[in-house]
Protein chains: 2
Amino acid sequence: MQGSRVMGSISEERNSLAEFRVGVDAVIFSIDTEQNRLLVLLVRRREEPFRGCWALPGTLVRRAESLEAAAYRILAEKIRVENLYLEQLYTFGGPERDPREAAEGYGVRYLSVSYFALVRFQDTQLLADGVEGIAWYPADQIPPLAFDHEEICRYARRRLCAKLEYSPIAFDILPSTFTLGEVYQLYGTVLGENFSDYSNFRARLLKLGILRDTGQKSTQGAGRPATLYCFDAAAFEKIRHKPMVFV
Amino acid sequence: MQGSRVMGSISEERNSLAEFRVGVDAVIFSIDTEQNRLLVLLVRRREEPFRGCWALPGTLVRRAESLEAAAYRILAEKIRVENLYLEQLYTFGGPERDPREAAEGYGVRYLSVSYFALVRFQDTQLLADGVEGIAWYPADQIPPLAFDHEEICRYARRRLCAKLEYSPIAFDILPSTFTLGEVYQLYGTVLGENFSDYSNFRARLLKLGILRDTGQKSTQGAGRPATLYCFDAAAFEKIRHKPMVFV
């Protein structure tokens, strides 16, 4: 390839570049262990396109704002929560994902950098704040959503299951001390009640060596008092690069 | 919050939105099992900023082009390969990642949707095609890179290790039949020679039930002929939703 041809192809490329608006959309999962429900936060759109349709809470990224800051801004506007897990999920950017794109000859595209967040329902307060059309929906019964948000939800749910199976994110949202029964209930709510029997789950979890017996007992619930554990961050740090499975 | 305040904040938000150029950058890993090396493909930048600096191969996304299509376009321009694994890695979009941003008051931002690809060195032909400044670098000895590409490389490497540990991507790039020794060598090249002893690795891998003995023997190499296996996609399909660990 010669210099002039290279320059030629570069300038052609410049002409055909897309300009983007970048949105951050958040799949906020809430685990309601008491009612054994996995919930997703949805908002009703007040603007076109898809006005009146349910959608994931989202925002367009502002000048000098990082993607993660935009994700936290969405969360802070919608919920107040004690413990939270947040990570970037995937970037959806196909040219057909927003009806505004084709109308403008794909010269302006709308990209969605999606995040998923995990909270416990019991710890989370919805900041409805006078705004109508914001609700927790059971993850199994979400209504039709705007854009490709149903696909984003499905993708987020697969990631959530994988994260619970392979990483200790459950302990990011549990209170600082917890019973093994509470951990089991949290896993069952997401993965389905039959994901594992309790004694296998308990044995596997304790064998990882990342939970510490606090010496205290839980006085809640019926039955005999259960041991309260805490997550041992130092022990986890030592093995974090080794593959592990929690279920 | 009152209606008028909501409208006010929406229009303020519009004014402060960033406009984006979206780049796709690819971390192309090549596994050279013969020399026990993990390599990364780098290109020398011919334009400002960071002119003359090494960088990940990348491109800006064109009109009507999907992110994935842009990633495949980068690959097709740089290498010819038989078997390939490709997935989206992460989107890097902090406001400080490109020196062009601050100069324009962060009104135009440069986002990088990164992908990582995995190929086998033996199967891969570099399409230098008259273009200077394209080379495989050992992943442990990469030179200083443009932008935040060193961070992207580190992130990709962690993902690569996790993928090998938890998923069967090795079989996407191995030939259709292979010996267990070849699989072990591939893993050792990425994870380090001491990641596992051979007999444990072999036992664990066979126990997963996703490899099928072809009944054929490998005639390559010294020592006695080794059994040739193939990946059993149907068997894997049945257990793909169960957590599994390969090492």
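## Helix packing and chain pairing

In chain B, helix H6 (residues 180-191) and helix H7 (residues 198-207) have axes that come within 10 Å and cross at roughly 110 degrees, where axes are lines fitted to C-alpha atoms, for helices over the stretch in contact, and angles run from 0 to 180 degrees between N-to-C directions. That angle makes H6(B) roughly perpendicular to H7(B); angles of 65 to 115 degrees count as roughly perpendicular, those under 35 as roughly parallel, those over 145 as roughly antiparallel and the rest as oblique. This is a predicted model, in which local features need pLDDT of at least 70 and side-chain atom pairs count only at pLDDT 80 or more, while totals for chains, interfaces and linings use all residues. Residues are numbered from 1 along each chain as its sequence is written, chains are lettered from A and ligands numbered from 1 in the order in which they are written, and side-chain values use heavy atoms, with hydrogens and water left out.

**H6 and H7 in chain B**

- Leu180(B), Gly181(B), Val183(B), Tyr184(B) and Tyr187(B) of H6(B) meet Tyr198(B), Phe201(B), Arg202(B), Leu205(B) and Leu206(B) of H7(B), contact meaning heavy atoms within 4.5 Å.
- By class, the contact of H6(B) with H7(B) has eight nonpolar, one polar and one charged residues, where Ala, Val, Leu, Ile, Met, Phe, Trp, Tyr, Cys and Pro count as nonpolar, Asp, Glu, Lys and Arg as charged, and the others, Gly among them, as polar.

**H4 and H6 in chain B**

- The axes of helix H4 (residues 149-166) of chain B and H6(B) come within 10 Å and cross at roughly 150 degrees, which makes H4(B) roughly antiparallel to H6(B).
- H4(B) passes H6(B) in a left-handed crossing, and the contact joins Arg157(B), Leu160(B), Cys161(B), Leu164(B) and Glu165(B) of H4(B) to Leu186(B), Tyr187(B), Val190(B) and Leu191(B) of H6(B).
- By class, the contact of H4(B) with H6(B) has seven nonpolar, no polar and two charged residues.

**Relation and interface of the chains**

- A rotation of 180 degrees with 0.0 Å of shift along its axis superposes chain B on chain A, with an RMSD of 0.0 Å, the superposition being by least squares on the C-alpha atoms of residues with pLDDT of at least 70 in both copies.
- That is the relation of a two-fold axis, and of the residues of chain B, Phe20(B) comes closest to the rotation axis, at 2.4 Å for its C-alpha.
- The interface brings 48 residues of chain B into contact with 47 residues of chain A, and 98% of the interface residues of chain B are also interface residues in chain A, so the copies meet through the same surface.
- The area buried between chain B and chain A is about 4,000 Å², of which carbon and sulfur atoms give 55%; buried area is the accessible area (1.4 Å probe) that two parts lose on being put together, summed over both.
- On the chain B side, Arg63(B), Tyr166(B) and Pro243(B) lose the most area to chain A, together 15% of what that side buries.

**Ile239 in chain A**

- Ile239(A) lies in helix H8 (residues 233-239) of chain A and, leaving aside its neighbours within four places in sequence, is in contact with Leu208(A), Ile210(A) and Met244(A).

Methods. Helix = DSSP H or I, 4+ residues; strand = E, 2+ residues; numbered from the N terminus. Left-handed = near helix turned anticlockwise from the far one by under 90°.
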